Structures are given as C-alpha cells and as structure tokens.
Amino acid sequence: MIAEARLRDGTPALIWPLDPGDREAVREGFEQLSVDSRYHRFLATVPHLSDAQLDHLVDEVDGVDHVALALVVIDDDHLGVPVGVARMIRYQQEPTAADVAVTVLDEWHGRGVATALLDELMRQRPAGITELVTTITADNEASLAMLRSLGRTTVTPAGVNRLDVVVDLTQPDEPAEESTEEPAAEPAGQSPHPNDAGDL
Ligand SMILES: CC(C)(COP(=O)(O)OP(=O)(O)OC[C@H]1O[C@@H](n2cnc3c(N)ncnc32)[C@H](O)[C@@H]1OP(=O)(O)O)[C@@H](O)C(=O)NCCC(=O)NCCS
C-alpha cells in the first residue's frame, strides 16, 4: 500500500513497502551514510552491506513478521529519491514484540522523515505487535526521541554506551521512566535482535 506523507517543512513524500526491486537502492543508500549513522544504526562498524545482510533486509521482508517501508521524495527532475527506511521485525519467541529500526540519509536528518515513516509503520505494523524492544547507543538522542513518541518508554542502561529501550504501544507517550537497575549481563528480552544484520 502506497501512502502519501508530508515532512515537517511540507515537502511531499510517498511511503511504500520495500520489495526485492529495492535491493540496489538499499545498498546505495547505505553507502551514502556517515560513519556515525552506520554506527548508530548497527551498534558496530559496518563498512558495506554484505549480500547476506541484503537478503535479510530486503528479500526476507514478508509483510507479516517483517514489515519494511521506504520514504521517497520527488526531486527537481521529478524522480523519486529514497531518503529513509523503517522496519519492524517480530521476535519469533515473543510474537507480540518486535524490534524496530529506522535509517535516514544524513542530509535529511531532522526534517521529519523518521516521524513520517514511523507514523505509517505503526499503521502497517505486523499484526498483534504491542511492544517494541530494541537497543540503541546511549548518545542517540534522535532515536530515543523518535521511540518515545510511540508510547510509554522504559530505558535501561545496557553496558558501555548502550541503552535497552522498551516501548509499550498500548500506552500513550508519557514522561519516560528511566530505570536505575544495573544492566543485565544480556539485554533484557530477546537476543540477538532480528535487526542485527543491519540495513538502510
Ligand atoms: C534516528 C533517525 C532515524 C531520526 O531520523 P530523523 O528523520 O532525523 O528524525 P525526525 O526529524 O523525524 O525527528 C524524530 C524525533 O527526533 C528528534 N530529533 C531529531 N534529530 C535530533 C537530534 N539531533 N537530537 C535530538 N533529537 C533529535 C526530533 O525532534 C523528533 O522528536 P519529537 O518527535 O519529540 O519532535 C536518524 O537520525 C538516523 O537515521 N540516524 C542514524 C541511524 C539511527 O540511529 N537509527 C536509529 C536506531 S535503529
């Protein structure tokens, strides 16, 4: 399903489901990301996406347990330019919980691309998902703000420069609970995260 959206400054955009034909666009988009954005997204240094990663991130999108959407803006030549991708992947061992990941090209940061993508992803999310469970770097303020906008959010330190984040989608966004618990040896919830293979 293709959806129309507007960025914060009114720029019109289209949001559509990622499909196997988007493989090269995902690869190329990744290559444009800054080192910081790659690290924030993958929690690791990832110089290039491997074919196996692209299989996971593009071919394994099934629209049931793994939903991925791309946001496209129209450039001056009337061509569609993909500037961001958002996905949810259901945890197989906890079917009401999903990992979430969003990646926006650096020059488009702060313009509402993630907000528009998540708005639509919430509508198209895998059936029955009531909770998002993910890990971010502790300095990723944009990611935390983005996640907090989705529902009641619990944040737990998870080792050096890591935060485990749980968003209860059944509860409205409220001032966040900051856990004071010591980090667990393994992140609470499921490991590994289904998104760990990385993507745009
Ligand atoms: C995190 C990311 C997806 C946000 O995308 P974006 O399009 O810039 O975000 P938006 O403009 O829609 O803003 C989303 C929220 O983040 C806030 N925000 C954006 N940039 C911010 C920044 N640099 N510092 C603090 N907050 C910021 C916005 O104010 C907004 O908060 P609000 O809903 O309370 O108003 C983007 O920075 C990115 O791709 N980073 C690299 C990959 C990554 O970190 N992914 C997330 C982990 S999977």
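Visitor: Which residue in E2 is the bridge partner of Glu4?
Guide: The model is predicted. Strand E1 covers residues 3-6 and strand E2 residues 12-17, and the two pair in the antiparallel sense over four bridges. Within this pairing, the E2 partner of Glu4 is Leu14.

Visitor: Which residue in the turn between E1 and E2 has a positive phi?
Guide: E1 and E2 form a hairpin, with five residues between the strands. A phi of about 95° is found in that turn, at Gly10.

Visitor: Which residue of E3 is the bridge partner of Pro17?
Guide: E2 is also joined to strand E3, residues 66-74, by five bridges, and these two strands run antiparallel. Across them, Pro17 has as its partner in E3 Leu69.

Visitor: Which residues does Leu71 touch, leaving out those up to four places away in sequence?
Guide: The largest nonpolar core has 42 residues, and Leu71 is one of the four that touch the most other members, along with Leu69, Ala86 and Leu117. With residues up to four places away in sequence left out, the contacts of Leu71 are Ala5, Ala13, Ile15, Val83, Gly84, Val113, Ala116 and Leu117.

Visitor: Is Leu43 buried, partly exposed or exposed?
Guide: Leu43 lies in the loop between H2 and helix H3 (51-59). Its phi is positive, about 60°, although it is not a glycine. Most residues other than glycine have a negative phi. Burial needs 20 or more C-beta neighbours within 10 Å; Leu43 has 18 inside 10 Å, so it counts as partly exposed.

Visitor: And His78: buried, partly exposed or exposed?
Guide: His78 is in the loop between E3 and strand E4 (80-91). Like a glycine it is not, yet His78 has a positive phi of about 65°. A residue with 12 or fewer C-beta neighbours within 10 Å is exposed; because His78 has 6 inside 10 Å, it counts as exposed.

Visitor: Which helix supplies the largest share of the shell around the ligand?
Guide: The ligand is surrounded by 22 residues, the closest being His40, Ala114, Thr115, Ala142 and Ala145. Helix H2 (35-42), strand E5 (94-104), helix H4 (113-123) and helix H5 (141-148) each supply at least two residues of the shell. The largest share is five residues, and it comes from H5.

Notes: Residues are numbered from 1 along each chain as its sequence is written. This is a predicted model: local features need pLDDT of at least 70, side-chain atom pairs count only at pLDDT 80 or more; totals for chains, interfaces and linings use all residues. A residue is near a molecule or strand if its C-beta atom, placed from the backbone, lies within 6 Å of it. A nonpolar core is a set of buried Ala, Val, Leu, Ile, Met, Phe, Trp, Tyr and Cys residues joined through C-beta atoms within 7 Å. Two residues are in contact if their C-beta atoms, placed from the backbone, lie within 7 Å. Two strands pair if DSSP finds at least two bridges between them.
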